[in-house]
Amino acid sequence: MIVQFGSALIELVLGDITTQEVDAIVNAANSFLAGGGGVDGAIHDAAGPEIIKELARRYPDGCPTGSAVATSAGLLAAQFIFHAVGPVWEGGGKKESQLLQSAYETCLDLAEQNRCRSVAFPSISTGVYRYPVDLAGEIALRTVATRLESTQQIKLVRFVLFDQGTFGCYSRILETMLV
Ligand code: AR6
């Protein structure tokens, strides 16, 4: 599914983010930037061991929840990895929605600062961090669509969704945004 917002596109695909040919790939990291499971593990495995070293050297204090930091992309086809730290879902009363929106916004800021034309996002926080996919998808898609209405820099944002349930949920939300 592909939809135009401003002069840019939002694309939804079912697949593996590590194989995407885009300028920047977003990782769903933890605040220690220490690697982990899920998409974090897959990205570090595919990008190679230099990325963990770069994270430790450049960001020794880690990254707060709701923010993101940039590194090179090692063996990936991308130029950059943006390591975003989404919130752990604790029922919705711990500012989770603001923190998730802020994680996406920081990645979009990094994309603009690094002159990226294309960015691939996973569904941040909806795995190990248990954020309900329908709520997270709404924040992800609305935050990106709002930015694409105003930026001239970013031309493509691709959400790379790993399972059919998440892909279906994001597709339904994007459809409702068209009417
Ligand atoms: N490509 C795209 N999406 C993927 C891939 C992949 N290769 N692998 C998994 N996903 P999660 P979180 C999906 O748990 O909830 C890590 O240990 C997955 O199916 O990776 O933000 C970190 O170090 C789900 O839909 O991230 C943190 O400690 C989505 O990516 C913690 O997990 C996010 O799931 C972050 O948890």
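Two strands count as paired here if DSSP finds at least two bridges between them. What we have on screen is a predicted model.

Let me start with strand β3, residues 24-28. It is joined to strand β5, residues 80-84, by five bridges, and the two run parallel. β3 also pairs with strand β6, residues 118-121, again in the parallel sense, over two bridges. Which residues stand opposite Ile25? In β5 that is Ile81, and in β6 it is Ala120.

As for burial, four of the five residues of β3 are buried, which means under 20% relative accessible area. The strand is therefore largely enclosed by the rest of the structure.

Now the ligand. Where does it sit? The ligand is in the largest pocket. There are 23 residues around the ligand, and those that come nearest are Asn30, Asp40, Ser125, Gly127 and Val128. By element, helix α1, residues 38-47, gives the most to this shell, with four residues.

In the side chain of Asn30, an N or O atom lies 2.8 Å from an oxygen atom of the ligand. A polar backbone atom of Gly127 is 2.8 Å from a ligand oxygen, and for a polar backbone atom of Thr126 the distance to a ligand oxygen is 3.4 Å. On its own the ligand has 700 Å² of accessible area, and the protein covers 90% of that.

Conventions: Residues numbered from 1 in each chain as written. Predicted model: local features only at pLDDT ≥ 70, side-chain atom pairs only at ≥ 80, totals over all residues. Heavy atoms only, no water. Buried < 20%, exposed > 50% of the residue type's maximum accessible area, 1.4 Å probe, protein only. Near = heavy atom within 4 Å. Polar contact = N/O pair within 3.5 Å; in protein donor to acceptor, adjacent residues only side chain to side chain. Areas by Shrake-Rupley, 256 points an atom, 1.4 Å probe, with all protein chains shown as cover. 1 Å grid on protein atoms, 1.4 Å probe; cavity = no way out; pocket = protein on both sides within 12 Å on 5 of 7 lines; lining within 4 Å. Sits in = over half its atoms within 2 Å of the grid points.
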